[in-house]
Every structure is written in structure tokens, then in C-alpha cells.
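Colleague: I have the file open and would like to go through a few spots with you. Can we start with what you mean by a contact?

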Amino acid sequence: MMKKVIIFLENCRSFILILSLIIPYAFEVTGQSKSYASKVRPGEYSYYKNGVISVIPSSHQDIAWMDSIGACIEFRDEKMITPALARLRTNPQFKFSVEDALSLREYLQRHPGSREEILKYTLEGRLEWGATYKQPYESMYDGESLIRQTYLGRKWLKKTLPGCNFKTYWNEDVPGRTLQMAQILSKAGIPYMHFSRHQPGIYRWYSPDGSYVTCYTPGQYDEAGIPVRQAQNDIGKLTNAFTAYLIEWNSYFKERKINPELPLLYSTDFATPPDYDAFFNDWNSKSSSLKRPSIKYSTGTEWMEAVTKGKPSFDRITGERPDVWLYIHGPSHQKALRASREGSRLLTAAEKFATFDALQQGSFADYPEASFTRAWEYAIYPDHGWGGKHGDLTDRAFRTAFENARDIASGILEQSMKNIASRISFQDKGIPVTVFNPLSWERTDLAKFTLDVEGNEQNTYRLVDEKGIEIPYQLIDEHNIQGKRDEVITFLFVAGKVPSVGYKTYYLEKGKPESHSGTYKISDSVYENQYYKVEFTEGGIKSLFDKELSTELFKTDKFLGAELFTMQSVGNGAGEFTDVQQPTMEGFEKLSQYRPQWSLIASGPVRDVYEIKKEINHVTVVEQVIFYKSVKRIDVHVELLGFDGERYREFRLAFPVNQARSEIAYEVPMGVVRIGKDEIAGAAGFSKKSQIYDTPCSQVHPREVQDWFSASDGNTSVTISSDVAAFDWIDPTTTPVGYSVLQPLLLASRKSCHGEGNYYLQPGDHYYTFSVYSHKGDWKNGYHLGPQSNQPLKVVISKPVSGKGNMPETMSFISVENKNLLLSTIKKCDDDDNVIVRCYDIEGKDIEAKIYLSDSFQKAELTNIIEEEGKPVPGTGKILDLKVGHHAIETIKLFMKQ
């Protein structure tokens, strides 16, 4: 109740702001006064008597949205940057802030001769460039992708414009902040943030490790500037607008002891550089006599530097602000986001193995640095401007960028693994099968490879490990998993104890494989293995009993386990709404209504596969549930075939958990959010009169998710690896159940909120894979599992050549002693031929970490997140000792022995 009262009072304060901006115009309309300022007592804004009003000219720019990408690039050139340069030439007092680094790249490509002039104004502090590549949906990307925003932003800018610094992150549009963004920015040397769609104010936004950025929001980004733009160049109206603005903010600054440096962000979509020179001169000529502050142009960073001086008591924000626009990327652009997620995972895997490939060669001469740079530029190119005018073109360009990144990364990874495998000293016992693990812990997991063999040779091979012990395998047909039939045979097996960021070798040799008969009875409706007892019914799983935990995992009185259902989903991806637009019951269907029957379609020594197939309204649904004989894991493959693109339909999958009370946790970039505990307190509040975010952030749903989400009652947990970018846990129907129903959001055919925008219909075929795990305790016992499903073991088949390599058959290149410390990447240093290791704590523990390497290093430094400002840390040889604080992201530079 207290939180609601506080939100109400804050909203009242902000509503007064609107009134104060309107009141001055009433005097003009009634003819009572031409100058509201003359009727204002100086005491009403006395805190600013010796202060400054800093007008920050800018222009909000999505990559597209207002028009096609090409037209928007042209606008940024001809209507924004070129006119800003002209203003900077003619008025030494003028200043301008560009929100991102990509705008500079675009401009220099069109005007390469302008670099020196741009450098001059940037050095003077009159021209500012935002410190990130673009303005992203933060939780749409993984942690390394967010970090690369600062590499391709601040790091690139410093090299392009030497001697300049770039200290402010601009993300003016998206109503969402991810948990660790403040830490990423702070450790990249970016102490400030301009954001929007939040209760107006100046804040310190903290990540859970204690790092923070100082940030400012005017509410909705163009709102404060509306009276100014409406006044045009009328000095009287401008005086009224700025006076009202002073009065509104006077007590806010005074109570918090903030330096009297009042900002006014002059920005809107497609804004052009303003000219208020005459008004500024008039205002300043009267400021002394009226005991009011002076007024000037400023950049966002210049104002931030001024307002943070002294000891101001800025309000504090800690935690995740869930993004209410999450439908725009995941559910509404499923194929694009699938490519994005695959690409970012492949990129970090490729960096790891390409680095160790180079170290084995003793040189980085062949390290594909240019290809990595190009891939990362593609991987993080899409910003928050999906849809919009000509949105079909923008969305296609964004998807193509993601696919390009994925394909480049895949090629580098494959070549690096082949190079490494070529150096292994193989035994003379058949075809070498080398299994690579890109993750930073040892794992026993599924591996598969294809081999071009004649049909009559399919069952004439034995798979053995390096000691000659036979490993069961199963020949599988994957045509139902990705919509294509392989022309070669796919072998599936379980690779045991594959080392951290390393490999393990097996051999495929001629000979009849051993027979592996099951010990449990199975049928079309009942299944049992060493881990689970399962009962199927029409449309889903009726019962899933964990034999190790002696627990029924699903509560199936309303939804069956792994049951697909569909609802009406009227809404937009993004827009001026203040909460997630929820689906409704029109056209509600669930698969059990169609009574489809399960069939056991495959059974073997590795896995057993059940399938249903049913045509429902608008789509044909194929679902497979797969159990493994020696891995405690259940895979659920879903195909939506031939979706007809019906407008405003949504498809979800239900996993109703049998827990009276659940703690829901899910992975965010380099962290974990526990619902109800790790969000920012209360609601985001007033943004503008027609946009008040009054839903407490802990109650916002669905949520963006990285690799996994889970439900735990403290004793047992269900963890699900996510193949989609959004999930829910609240029953969305009009008669919701009281327990948690975990739901990946598969698809939603919504529409762009732009008046000329496109529908996100996504007709055609869509494929998904989820893995269900059950385990003791809470999410801390399951966070390794989600990434394992989404970053499967990779396999390289080599020619049967023995004894020619110098490397062992099994090897770890790097490993961590501490379970809670995850390695996000290992890469070549951007600036020299040394090695960067980045890691983070996921459990919230202070630790003394030990990192073991296969190659020796001379010394180590702890750098900032963009590989600068190194400070020595203990370690030499092959062991690195590192203190890592709770929730910390750390970047270490290893100076290698050559």
C-alpha cells in the first residue's frame, strides 16, 4: 500500500509539471499578460539564482522507423549532422549531442573529408557522440553483445577521434533496463546515461555488484521540449515556457542539494538542430535583474559533469526494469531472434577456439580479427526500431544482419576446431570423432555428427572412447527438427565428461555395435526410464513423475504438460502503452481439445521419441517429446507448420508446475532475476500525462529471457532451456489458476504501432526446441543446464591418420575452479597479440577464484571492460588467482609467453 501511495504522490507531482507548462499560455490567451515571468516571484525559482539552464539539442534516431533505413541515413546526414556542423561553425556557443556511434560511421562513409572538422568540435566539447554503437533492447541481447556495444561505441570512437572521450550512453526510447547494464557501462568508462519513459529525475542506477551510472530522464524524451518547440521563436512564449520549467524543478533540486544546473533535453524523432540564439541573448540580458539563472547550449555529458559536482543526494534505483515492449522482438520476429541468439552464442564459442588455435600456432597472424569485427557489427546492428514506415524492409535488414553474424561465426568456429583437431595425436583405430565443449565447465551431454555412408553400412560401426570402451549411439533422422531431411546419416551419442573449453576424442571403427536393450516397458501412452515415469494423454503429458526426487512435477488439472495453446493477441510490439498488452480469450484453443494421439516413433539405445501431429485453426502442430536413457533431460520439439499469418494470433506452450508456491527465476544478460526480488522498487511512474507506468515492475509480465527460466518451491525445481526470447509464468486466461504455469511465447502476429507500419504476421513454418530439467534446490542447481541445451557440443570428424599430432586426445584449454564463475569469452586483445578473458559471478558470491590455462602467461592485468586501464593481478605460469566480487563482471588481460 505504501508503494502505491508513493507512486500516487510522484504522479501528482509530475501532473503539476504539465499544468505548470500549460498555465503560462492561459495568460496569453486571455490577454491578461504578455509575460508570465513578470508575474512570477523570484523566490519561486530562487534555488537557480546563480545557476544555469542547459539546453541539450539532440535528435532521437532509430536506425529506421520514421522511414526506410536509406532514407533515415540520408536524413541524419542532410537534416541533422550537416546542419549541426553549420551551426557549430557560425555560433561558437552552439552544441549538439548525437545519440550513438553508428551515426558517425554512416556520416564518415558519406563525407570522409569531414573527419577533421568533426574532431575539432568534439575536442572542444561542443559535439557529442553517444558511447554505444546503437540504442538496443538491452535484454534482447546477451551480455557479450551488450559489451560489444561499448567496443563498437566508446572504444571505436576514441580511436576514430583521438584525444576525445565519450562518457554518456543514450537510450531514450525503450521502457526497460537490464540488471547488469549499469555495471557494463561503468566498467567501460561510461559513467552517465540519458534515458526516457520513467519518472522524471536524476538517479543513480545500480547493478547488484554496487557499480552504478548517474542518469537523467525528462519523462518521455520529447515531452519537456514540447512547449519550447510550440513557442517557435516567440521570445515571450519561450520565456513563459522556461520560467514554468524552472518553477517545477526548483524544489526537486533544492531538496536533493543538486547543483543548480537545470537540463532541458531538446529532442524528438527526426529533430533538426534548433536556433534559439536570439532568445538566449534576450533571456541572459535580463537574468541578473530578475535573479534568474543564465541559459546556454550544452551537451548531455557537459551537463552531467556539472550536475554531479559536490555531494548531491540523487535518488537511487537498483534492479531490473522489465521491458514492456518485449513482444516486438521475440514473439513478433521469431526467425530473426533465433538467428540473433544462435549468432551471439557461436561468436563467443568461435572467439574461444580461434584464440587457442592461434596460441597453438604460436602466432595470431591467421586470427580472423577482421571477420570477427564484421560479425559483431552485424550481430548488434538491430536497435529498437523494428517495424515502422517501410518496416518490412527494416525487419528484413535486421534479420539478414543476424543471419550474417551467425554464418560468419559458424564458419570461423568450424575452421578453428578443424585446425585444433588436426594437431591431435590420434590412435590408429578408426575415424577420429573429436567433441568440443565451448562452455566453461566439464559436461556430460548429447553429441551428434553426420557421416556419408552407404545404407547397407549404417550398422557396421562401433563408437569407442580413447580407452576402447564402446559408447552406445543411435542413428536418427532429423527431418522433423529443422524442416529438412539429411542426405547423410546422423549419429547421436552421449559424450561423457568433455572438459571445460576443450575437447575429447572418440573413434568410429568398423564392427558390429553391441545390442543395448531397455529394462523398462514403454508404450504409446506410458513411458519409464531410470529418471522418470510418464503418462501421456490426448494433447500433452498428464503425469511426469521424477523418480529420484519422488515428486510429481506437473499439475495438469487445466493445462497438460507441454501443451500448446493459442489466444487472440491484439497489440503492437512497441508503443505508447504503459504495460504489456496481454492476450485475450477470443479464439482460445488448446491442443487437447483436438484429442490428438501420441505415438512412439523411435526407440533406441540413446533416446525414445514420442510424437503427435494435428491440424488446428491456422496451423498444423507437430510436437515431439524425447527422453534419454543416460541423461536426465527431456527435450520438447515443436513445429508450427504452414501458419497462415492470421492477424493477432499468439501461440504458447504450457508447463504447469506442481508447486503450491514457486519462486520464478530466469537468466538475463550476465545475471539472474528472481521475480519479486530483483526488479526496481515500485513502478516506473509518470512519463507524460497520457503515459503513467503504474504497474509495479515486479508484476510486469511476460519477461525477456536468455537461456533458461525456472520454478522452485525450495526443495525441487523445474528448469527449462529457452529457445525463445520471452516467457510467462502467469496463467493468461480469464480464469487463472493459482500456481505457476511456465510458458515460452512461441509466436505472436501483432502490428507495428507506426501509422504506416507493417504487420508482423510471420506466415510459414516455425521450429522450436526446449529442454526440461528437474533437480533439487533452486535455480542455483540448474543454471548450467539451460546453456548446455542452447550451446550443444560440437563435433569434428577427421581423417584416420595416427600419431602425427602433438596434442593429447582429451584436453581443456581453460577451466575455472569455482562453479559460480562463468567465462563469457576468451579472445585476442583488440590492441595487441595478448589474450582477454572475461568472466562473471552468477550466484552473488565473493570468491577467490582460480583459473587454469593450458598455455603459460607472463603476467596478468585487470582491465576495464574495453581492455583499457590495466592493473596488475597475481598470477603467472598457468594459474591465475583472481578476487571476484559478488555479481561482478571482470576482464583480464593475459600477457602470453611467445
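Modeller: Contact means heavy atoms within 4.5 Å. One thing before we go on: this is a predicted model.

Colleague: Fine. Which residues is Thr434 in contact with, leaving aside neighbours within four places in sequence?

Modeller: Thr434 is in contact with Ala421, Ile424, Phe426, Tyr503, Lys504, Thr505, Lys794, Val795 and Val796. Its place is in strand β11, residues 431-437.

Colleague: Is Thr434 buried or exposed?

Modeller: Thr434 has a relative accessible area of 0%. Buried means under 20%, so Thr434 counts as buried.

Colleague: And Ser603, what does that touch?

Modeller: Gln474, Ile522 and Asp608, if residues up to four places away in sequence are not counted. Ile522 is 81 residues from Ser603 along the chain, and their C-alpha atoms are separated by 9.6 Å. Ser603 is partly exposed, at 47% relative accessible area.

Colleague: Which strand is Ser603 in?

Modeller: Ser603 is found in β23. That strand belongs to an open sheet of nine strands, in the order β23-β24-β25-β26-β37-β34-β33-β28-β29, with antiparallel pairing. β23 (599-603) and β29 (671-674) stand at the edges with a single partner strand each, so one side of each has no neighbour in the sheet. From one strand to the next, the twist averages 20 degrees.

Colleague: At the other end, how many bridges join β28 to β29?

Modeller: Four bridges join them, and the two strands run antiparallel. β28 covers residues 663-668. Its Tyr666 stands opposite Val673 in β29.

Colleague: Change of topic. How many residues of β6 are buried?

Modeller: Six of its six residues, 201-206, are buried. Gly201, Tyr203 and Trp205 point one way from β6, while Ile202, Arg204 and Tyr206 point the other way.

Colleague: Which strands are joined to β6 by bridges?

Modeller: β7 (residues 212-217) is joined to β6 by six bridges, running antiparallel, and β10 (residues 315-318) by four bridges, running parallel. Gly201 stands opposite Thr217 in β7. On the β10 side, the bridge partner of Tyr206 is Thr318.

Colleague: What is between β6 and β7?

Modeller: Five residues; the two strands form a hairpin. In the turn, Gly210 has a positive phi of about 105 degrees.

Colleague: Now helices. How do α11 and α12 pack?

Modeller: Helix α11 (residues 334-361) and helix α12 (residues 369-379) pack at about 165 degrees, with their axes 11 Å apart. Angles over 145 degrees count as roughly antiparallel, and α11 and α12 are therefore roughly antiparallel to each other. Their crossing is left-handed.

Colleague: Which residues make the contact?

Modeller: From α11, Leu347, Thr348, Ala350, Glu351 and Ala354; from α12, Phe372, Ala375, Trp376 and Ala379. By type they divide into seven nonpolar, one polar and one charged.

Colleague: What about α4, which of its residues are buried?

Modeller: Ile118, Leu119, Tyr121 and Thr122, in a helix that covers residues 115-123. What covers these buried residues includes α2 (69-90), α3 (102-110) and β3 (127-129). The helix is followed by Gly125, which has a positive phi near 80 degrees.

Colleague: Which residues other than glycine have a positive phi?

Modeller: Gln232 is one of them, with phi near 55 degrees. Gln232 lies in the loop between α7 (226-231) and α8 (235-256), and at 58% relative accessibility Gln232 counts as exposed. Another case is His887, with phi near 60 degrees. His887 lies in the loop between β45 (875-884) and β46 (889-896) and counts as partly exposed at 23% relative accessibility.

Colleague: Last one. What sort of peptide bond joins His701 and Pro702?

Modeller: A cis one, with omega about -5 degrees. Pro702 lies in the loop between β31 (691-693) and β32 (703-704).

Technical notes. Residues numbered from 1 in each chain as written. Predicted model: local features only at pLDDT ≥ 70, side-chain atom pairs only at ≥ 80, totals over all residues. Heavy atoms only, no water. Pairing = 2+ DSSP bridges. Axes fitted to C-alpha atoms, helices over the stretch in contact; angles between N-to-C directions. Parallel < 35°, antiparallel > 145°, perpendicular 65-115°, else oblique. Left-handed = near helix turned anticlockwise from the far one by under 90°. Nonpolar A, V, L, I, M, F, W, Y, C, P; charged D, E, K, R; others polar. Buried < 20%, exposed > 50% of the residue type's maximum accessible area, 1.4 Å probe, protein only.
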